[in-house]
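Hi,

Here is the structure I promised to pass on to you.

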Amino acid sequence: MIYMLDTADIEAIKKAVDLYPLAGVTTNPSIIAKANRPFSDIIRDIRAAIGPDRMLHAQVMGKTAEVMIEEAQAMRELDADIIIKVPVTPQGIKAMKALKERGIRITATAILTPQQALMAAVAGAEFLAPYVNRLDNICADGTQVAAEIAHLIDVYKLDAKVLAASFKNVQQVHEIAKAGAQSVTIAPDVFDQLLVHPLTDSGVAGFVSDWEGVYGEGTTVLDVI
Ligand code: G3P
């Protein structure tokens, strides 16, 4: 599983880089707007927080392919390794073809159907981002859509990965993992919940209590070895 964090919250990104096997950060226009700072500053700050080797995805806003391509080039001047998110509109697909020709990495976003994902992959998108919770919200089974995209990648031997997005709970992430999605991007609050279980907390507390009863409070293996 390739884990990414869906946020522009720099403190949350630093925390996740420190704790988790994080492969990158994704943003979208709503996330950027929520941060309400200059776009260039946000991108630079995220890159500084994640280092040179993790992925950073940011989305174009143009209504035409031509503007999307210009935006992508400008973003690449800001961050040479940035992965360009492009929505799966007809103009977006046109932009994907051109960006692919220029060797620019692409994430196809705003995917709600497997056919949108299939065309985006054929157009050159490396990551395919179905919106799981937004589908679940309308009883359209986000997991099933992601599973069908993963199946199409297999059938057509496409050089693309599912990047499942829009999660509101751990169960959705779990269903996506079982369905074979290669990557997920998750908001910080749900990401933290992936490790939560009260029996883990009480189990660890029991180990500490038993150990310290014999070897002393605050001791670790380092004190007894
Ligand atoms: O970036 C796309 C996706 O993460 C959107 O999530 O929570 O706004 O549905 P959400």
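The largest nonpolar core in this predicted model has 64 residues. Those with the most contacts inside this core are Ile13, Ile46, Ile84, Val86, Met96 and Leu128. Helix α8 supplies the largest share of the core, six residues. There is also a second, separate core of five residues, with Met4, Ile83, Phe127 and Leu163 among them.

Setting aside neighbours within four places in sequence, Leu128 is in contact with Ala108, Ile111, Ala117, Ala120, Ala121, Ile149, Ile153, Ala160, Lys161, Val162, Leu163 and Ala164. Leu163, in that list of contacts, is one of the residues of the second core.

Now for the chain as a whole. Its secondary structure comes to eleven helices and eight strands, and 46% of the 225 residues count as buried. Among contacts with a separation of 6 or more, 54% are between residues 24 or more positions apart. The C-alpha trace spans about 70 × 40 × 30 Å along its principal axes. The chain exposes about 11900 Å², with 56% of that supplied by carbon and sulfur atoms.

Tyr215 lies in helix α11, which covers residues 198-215. Tyr215 counts as partly exposed because its relative accessibility is 45%, between the 20% and 50% cut-offs.

One more spot for you to zoom in on is the loop between α7 (132-136) and α8 (142-155), where Cys139 sits. Cys139 has a positive phi of about 60°, although it is not a glycine. With a relative accessibility of 75%, Cys139 counts as exposed. Asp141 is found in the loop between α7 and α8 too, and has a positive phi near 55°, again in a residue other than glycine. Is Asp141 buried or partly exposed? Its relative accessible area is 40%, so Asp141 is partly exposed.

Happy to go through any of this with you.

Best wishes

Note on methods
Residues numbered from 1 in each chain as written. Predicted model: local features only at pLDDT ≥ 70, side-chain atom pairs only at ≥ 80, totals over all residues. Heavy atoms only, no water. Helix = DSSP H or I, 4+ residues; strand = E, 2+ residues; numbered from the N terminus. Buried < 20%, exposed > 50% of the residue type's maximum accessible area, 1.4 Å probe, protein only. Core = buried A, V, L, I, M, F, W, Y, C linked by side-chain atoms within 4.5 Å. Contact = heavy atoms within 4.5 Å. Areas by Shrake-Rupley, 256 points an atom, 1.4 Å probe, with all protein chains shown as cover.
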